[in-house]
Amino acid sequence: MQFASRLDNVETSAIRELFKLLGKPGIISFAGGFPDSAMFDVEGLKEASQKALSEEPGAALQYGATEGYEPLRSQLSAFMKTKGVDVDPSGLIVTTGSQQALDLLGKTMISPGDKVIVEGPTFLATIQCFRLYGAQLISAPIDANGVKTDELEKLIAEHKPKFVYLIPTFGNPSGAMLTLERRKKVLELAVKYQTLIVEDDPYGDLYFGEAPPPSILALSKDVPGSRELLAHCGSLSKVLSPGLRIGWMIAPAELLAKATMCKQFSDAHTSTFSQATAAQYLKSGRMPGTLAHVREVYGQRAQAMGAALQRELGDAVSFTQPAGGLFFWARLTGANGKLADANELAKRAIEKLVAFVPGAPFFAEKPDVATLRLSFATADIAKIEEGVKRLGQAL
């Protein structure tokens, strides 16, 4: 068969390929980016789904508007208001997970050969999605405080990208949190260069201890002219349930209209039953308690992983303790002659019955083979300590 030429620039996810090796009995996996299913508020979701069926069965089970189920759009508007964002329900569309929002951005914004700036490293599915639509991806360097805005400005000035894609709050895979000062700088750059900024925010509610700075979208009210140069993608997957497949996109009206048109061709609308369930759940007032619980559990696991990495790997690895999210981003230092290639370590680790994701696939340019991503979300503290011990033995 002769497939579309756009497929020449993409390949299957390295993470999906890795999962094929995870069937061994006794393996401890730090590879996935999943939330822990034990954190799901099953009772709350059961109540919400029953209310959806009892109160509006026709709407919950019928075709719906492409833009989204109106009660859910209203609840999401209220949810965003708690995070400092004033958005009318008509100013957002519901997507099938925030990943569909990224796909819609690719469809509506990218022509073959267009330049798009992403963080180095960034979300693997974003690299694949944007390349599928023919984008030339340019990496902006990051550190523990997020994208380096001085370097970002140079890249924007040089390449004049179609847009800039950032995960400013506990990024995947980096775990980095963009500082308040840099967030304001990003908004200033958007206005100065009239460049669209895409803010992907699936992890912003998963903070440990002190809350992160307001989102770039929330801060835009302080930078005249910046709101019309922002697209913001949100999701309930990491805080409520990935199975609901509920995400949303807030963007300028013209972009939302184009994205809605493309969504019509794609899936007509996100599952109305899922939307009705999510609307009832948000209406119930259970979300703050759910968030407090997952923050506490993930925070404890993150602390346990950081301590174990220091204890078991010592100066052979460098990392910044994450302040939220689901991931550690680490780098093998090669100290004392130890291995500095994460791909090789991944093979050795599987033999020791522990798995992680090598970092190289997360780079759109110049992959760093010494990097690796570890998720602490789905393993309890005992498994985290045992898994990191095995990792130390593999190293």
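**Strand E8 and its sheet**

Strand E8 and strand E9 (residues 246–250) pair in the antiparallel sense, joined by 4 bridges. The model described here is predicted. E8 spans residues 230–235 and is mostly covered. It belongs to an open sheet of 8 strands.

**Partners of E8**
- Strand E7 (residues 196–200) runs parallel to E8, and 4 bridges join the two.
- Ile197 is the residue that stands opposite Leu230 of E8.

**Burial along E8**
- Of the 6 residues in E8, 6 are buried.
- In a regular strand, side chains alternate between the two faces of the sheet.
- Leu230, His232 and Gly234 point one way from E8, while Ala231, Cys233 and Ser235 point the other way.
- Residues of both groups are buried.

**The whole sheet**
- The strand order is E2-E9-E8-E7-E6-E3-E4-E5, with mixed pairing.
- Strands E2 (92–96) and E5 (146–147) each have a single partner strand and stand at the edges, so one side of each has no neighbour in the sheet.
- Elsewhere in the sheet, strand E3 (residues 115–120) pairs with strand E6 (residues 163–166) in the parallel sense over 3 bridges.
- Ile117 stands opposite Val164 in E6.

**Helices on the sheet**
- Helix H5 (residues 97–109) lies across E2, E6, E7, E8 and E9, and runs at about 110° to E2.
- Helix H8 (residues 180–193) also packs on the sheet, where it touches strand E4 (136–143), E5, E6, E7 and E8.
- The direction of H8 makes about 145° with that of E7.

Note on methods: Residues numbered from 1 in each chain as written. Predicted model: local features only at pLDDT ≥ 70, side-chain atom pairs only at ≥ 80, totals over all residues. Heavy atoms only, no water. Buried < 20%, exposed > 50% of the residue type's maximum accessible area, 1.4 Å probe, protein only. Pairing = 2+ DSSP bridges. Contact = heavy atoms within 4.5 Å. Axes fitted to C-alpha atoms, helices over the stretch in contact; angles between N-to-C directions.
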